[in-house]
Amino acid sequence: MKTKKISPSLLSADFSNIQKDIIMLEEGGAQLLHIDVMDGHFVPNITFGPFIVKAIKRAAHTPLDVHLMIENPGDYVDKFIDAGADYLTIHMESTPHVHRVLQKIKSRGVKAGISLNPHTPISMLENILPDIDLILIMSVNPGFGGQSFIPNTIDKLKRLNLFLKNHNAEHIEIEVDGGVKLENIKMISDAGCDIVVSGSGIFNTDTPKETLQKMIEVLK
Ligand code: DX5
Ligand code: ZN
């Protein structure tokens with residue numbers, strides 16, 4: 001039985017005092033911490049690399065859910081695992097060698113995730129289901145926090161649940177990332193999402209800790 005989790009995105013946190021925000025999220029009940037790695041090539045934005053992930057790991061007690069939005073992910077997965085990733089997700093669109101990179105992640109004993117951009121069909125997952133623990137459905141185009149949730153993600157989520165059922169792969173966790181707020185989290189969860197990412201939906205509210213706690217209540 002899968003349990004629903006929330007993975008607050010640190011992209012919207014205060015990086016001048018990241019420990020303070022990590023403590024706030026952990027006190028609020030976050031089950032994972034979502035970390036967005038961007039390289040300025042795969043997406044038009046740059047964030048940080050393994051060095052910062054390692055620093056976050058030192059401050060955190062919660063498993064790290066690392067989302068790689070980078071080209072050539074195979075060259076870097078070992079570095080992010082060494083830095084402390086517990087879940088490591090790569091993008092289907094980022095390499096022609098998805099299977100090889102996923103196997104590399106699995107061989108290190110870390111949960112392997114694959115992410116689909118909004119335009120990428122579910123059918124692309126057909127031949128890699130035995131190699132993954134997580135499917136991350138992008139509900140915005142990757143690159144920035146604070147964008148609006150793309151409505152047809154709901155239909156994609158329902159179709160993905162059916163697809164996993166038909167392939168006897170319902171153990172794979174489904175994560176949704178982008179534009180998740182207190183107002184739409186129930187609709188997203190009901191459509192069949194196990195792990196919900198939210199950045200600005202938590203941090204850009206007046207009381208982030210209370211917002212997170214309310215989101216967790218909705219997921220119960
Ligand atoms: C976008 C990132 C998201 C981002 C979500 O490329 O992958 O994880 O932090 O931010 P919000 O929740 O603000 O849409
Ligand atoms: Zn993300």
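**The largest cavity and what surrounds it**

Trainee: Which elements each supply at least two residues of the lining of the largest cavity?

Mentor: That would be β2 (33–38), β3 (64–69), β8 (195–198) and α7 (200–203). The labels are DSSP runs numbered from the N terminus: helices are H or I with at least four residues, strands E with at least two. Mind that this is a predicted model, where local features need pLDDT of at least 70 and side-chain atom pairs pLDDT 80 or more, while totals for chains, interfaces and linings use all residues. As for bookkeeping, residues are numbered from 1 along each chain as written, chains are lettered from A and ligands numbered from 1 in written order, and side-chain values use heavy atoms, without hydrogens or water.

Trainee: What makes the space a cavity?

Mentor: On a 1 Å grid over the protein atoms alone, a 1.4 Å probe fits at its points but cannot get out.

Trainee: How many residues line the largest cavity, and which lie nearest its centre?

Mentor: There are 26, with Phe-144, Gly-145, Gly-146, Asp-177 and Gly-178 nearest the centre; to count as lining, a residue needs an atom within 4 Å of a point.

Trainee: Why is β3 called largely enclosed?

Mentor: Buried means under 20% relative accessible area, with a 1.4 Å probe and protein chains only. In β3, 6 of the 6 residues pass, so the rest of the structure largely encloses the strand. Leu-64, Val-66 and Leu-68 are buried on one side, and Asp-65, His-67 and Met-69 on the other.

Trainee: How do you know that β2 and β3 pair?

Mentor: Pairing takes at least two DSSP bridges between the strands. β2 and β3 have 6, in the parallel sense, so they count as a pair. Asp-36, for one, has His-67 in β3 as its bridge partner.

Trainee: Why does Glu-27 count as exposed?

Mentor: Exposed is over 50%, with partly exposed between that and buried. Glu-27, in helix α1 (residues 18–28), has 52% relative accessibility, so exposed is the label. Beyond its neighbours within four places in sequence, Glu-27 is in contact (heavy atoms within 4.5 Å) with Lys-209 and Gln-213.

Trainee: What span is expected of α5?

Mentor: The rule is 1.5 Å times one less than the number of residues. With 14 residues (153–166), α5 reaches 20 Å from first C-alpha to last, close to the 20 Å expected.

Terms used: On a 1 Å grid over the protein atoms alone, a cavity is a set of points where a 1.4 Å probe fits but cannot get out, and a pocket is an open set with protein on both sides within 12 Å along at least five of seven lines; lining residues have an atom within 4 Å of a point.
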